[in-house]
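Welcome! Take a moment to look over the sequence and the model, and then let us walk through some of the features inside.

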Amino acid sequence: MDIFLTLFINGLSEGALIFLVSSGLAIILGLMGVVNFAHGALFVWGGYAYVWIYQLTSSFMLGILSAMFIVFVLGIIFEKFFVSRLYGNAPAQILITLGLNIVFIEIIRLIWGNTPIAIKRPDFIAGTTIINGVTISHYRVLLIIIGIVVLISVNQILKNSKAGMVIRAGVQRSDMVQALGINIRFYFTIVFAAGAALAGLGGALYAPLAGNVISTSGASNQILAFIAIVIGGLGNFSGTAKASFLLGLMNAFVAWFIPTFAVVTNVLIMAIVLAFKPEGLFSENKKSRIRLVVKE
């Protein structure tokens, strides 16, 4: 029983990390119809930004906030200069974001090199607690808490805030929203940048968990994020959250009991979902929730 509880906590923490990365993709995809293959680069930038600031200040919180801010600015640059010109053109979006992913990963290698940079967890969350024989990592508990807080906060913003209402209306009829004097393009830029910042947050939190940061970490995490989105339903934020935690739990248990299947299990689940329920395992509708936005 002890090992099951330990694996359960580890799985939830992994799921929280997957969610932080996939949530940004789900927001960008669901609200704006943008397929962003540069999300992995934004994740890596978050990790390196955190390590850089943390080594300078020894402040975990400042490192996290700085990483989110830096990646938020990168998201604005991506959207304003590249993505905004390609709304409604999915093939072009894929090509341009793949190109941006390569370019910004190479910039990281030019600045920090390609050798892993070791990073320790801050002392106040580096320990463990043993309860009834179950070893609980303080840092993993923190990841679960952050994941839940982000889930509740973003969900409330999208459903109940004025900004969420404007964005949803702008997706449906951007011309009508602009006629009311609302700068919908500004809102779209902020949405894209906020999705990027969530990827940066995921990268920043992943570095202390892994014990290092390296330029290649974005690829595997981006693949997991896309798998979560497919399983949860394209553009379905709550479905993506459920799929992320499901993947985290599945990874933890499969890696322990059947290690040889750990790598292929995620792809196999995604293939089954695409074959039998392509709209997503947790999708509310039978049709895809992607809605392409065309700006004039």
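A residue is called buried when its relative accessible area is under 20%, exposed when over 50%, and partly exposed in between, using a 1.4 Å probe and protein chains only. This is a predicted model, in which local features need pLDDT of at least 70 and side-chain atom pairs count only at pLDDT 80 or more, while totals for chains, interfaces and linings use all residues. Residues are numbered from 1 along each chain as its sequence is written, and side-chain values use heavy atoms, leaving out hydrogens and water.

The pLDDT, the predictor's confidence in each residue from 0 to 100, has a mean of 86 for the protein, with 93% of residues at 70 or more.

| Residue | Relative accessible area |
|---|---|
| Tyr50 | 0%, buried |
| Phe60 | 9%, buried |

Rings of Phe, Tyr and Trp (its six-membered ring) pair if their centres lie within 6.5 Å; planes under 30 degrees apart count as stacked, over 60 as edge-to-face and the rest as tilted. By this rule there are 16 aromatic pairs. The ring centres of Tyr50 and Phe60 are 5.9 Å apart and their planes stand at 75 degrees, so this pair is edge-to-face. Another set of ring pairs joins Trp45, Tyr48, Phe78, Phe104 and Trp112 into a cluster.

Finally, consider Leu205. Counting contacts as heavy atoms within 4.5 Å, and setting aside residues up to four places away in sequence, Leu205 touches Leu17, Leu20, Phe60, Ile64, Tyr139, Leu143 and Ile146.
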